[in-house]
Amino acid sequence: MGTNDTCVNESAVGRDDDDAQSGRDEPEGTSAVAPDEAAPDASPRRRARRQSGQTRSETRANVRTSEYESAGRRVTEQPAFVLHSYPYRETSLVVDVFSRDHGRLALVAKGAKRPHSALRGVLQTFQPLSMSWSGKSEMRTLTGAEWVGGMLPLSGDALLCGFYVNELLVKFCAREDPHPQLFHHYVVTLTRLAHDEPPVQVLRSFERVLLRETGYAMALDRTAARKPVNAAGRYVFDPECGVREASPDVPAHWPVIAGQTLLDMENDDYHRVQTVAQSKMLMRFLLNIYLGGAPLATRQILIDLQNL
């Protein structure tokens, strides 16, 4: 690690003032995590896959469980990002992190609010970190954090887009549900935003990967009846079974999408104006359905700014 790297190990993570006064740490069996925005209920197709034990994340989690327990619930030097944080007691923070191999976790950063805490400058959003923690309860204890570097900071519209991506992760990813492919694409997304790539293309690409990795997305190049999508055709996306040909009997609020748009989205190609407009309409529809109508705060902020 170079001289400019920032590293905080267990000895630098101070005990919370309340803990110091009482002479004990937070009990392992309790959790002070604020009520979380739970990941949305799965569709019947996704629930069926979960009941049959076929989800990628469950398989990955089962493989890692014995390793994690044998290590005494202690994880070291795990690649991770801070999604958001909030105050905990007088001098600490609860940090919601997205890690590569353990998914979303709530970590208590003891003493992080103290004026001279080394953690204050490390626990920043959109910066790659190497994090260590321990504990058995829902809220683990942060024992180390190191800034890895190598990524440009976000600013302007890219920063707002970054917060939108973080909010999607919080809402769609259950705690301790590993998604290494989604983690990789999150890094790619932040990199593309930092390099001023068109946000509409970057966000549509991320939303597709998010839905795929969390068990919602289905193929866009073929219909639910296993027929290839025709570029000249007109289709709707049934949230329960996938692409269907547009017909008078489908719900009126389902957006009608051109076959070319679906094929472009399947290939992550957003250079056509029609594809940009219709993909945005389709993804808003699907996200709203899968979130049960719950609004996205960052999206509303973006809409308000565009209306100024």
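## Helices α5 and α6

In this predicted model, the axes of helix α5 (residues 180-194) and helix α6 (residues 199-213) come within 10 Å and cross at roughly 175°. Because angles over 145 degrees count as roughly antiparallel, α5 and α6 are roughly antiparallel to each other.

On the α5 side, the contact is made by Gln181, Leu182, His185, Tyr186, Thr189, Arg192 and Leu193, which meet residues of α6 including Pro199, Val202, Phe206, Val209 and Leu210. Sorted by class, this contact of α5 with α6 has 8 nonpolar, 5 polar and 2 charged residues.

## Aromatic pairs

The count of aromatic pairs comes to 8. One of them joins phenylalanine 81 and phenylalanine 183 in a tilted arrangement, with 5.7 Å centre to centre and 55° between the planes. This pair links distant parts of the chain, since phenylalanine 81 lies in strand β2 (residues 74-88) and phenylalanine 183 in helix α5, 102 residues apart.

Phenylalanine 81 has a relative accessibility of 2% and counts as buried, and phenylalanine 183, with a relative accessible area of 7%, is buried as well.

An open sheet is formed by 3 strands in the order β8-β7-β9, with antiparallel pairing. Its edge strands, β8 (242-245) and β9 (257-258), each pair on one side only.

Strand β7 (residues 234-238) is joined to β8 by 4 bridges, and the two run antiparallel; within this pairing, tyrosine 235 stands opposite glutamate 245 in β8.

Note on methods:
Residues numbered from 1 in each chain as written. Predicted model: local features only at pLDDT ≥ 70, side-chain atom pairs only at ≥ 80, totals over all residues. Heavy atoms only, no water. Pairing = 2+ DSSP bridges. Axes fitted to C-alpha atoms, helices over the stretch in contact; angles between N-to-C directions. Parallel < 35°, antiparallel > 145°, perpendicular 65-115°, else oblique. Contact = heavy atoms within 4.5 Å. Nonpolar A, V, L, I, M, F, W, Y, C, P; charged D, E, K, R; others polar. Phe/Tyr/Trp six-rings, centres within 6.5 Å; stacked < 30°, edge-to-face > 60°. Buried < 20%, exposed > 50% of the residue type's maximum accessible area, 1.4 Å probe, protein only.
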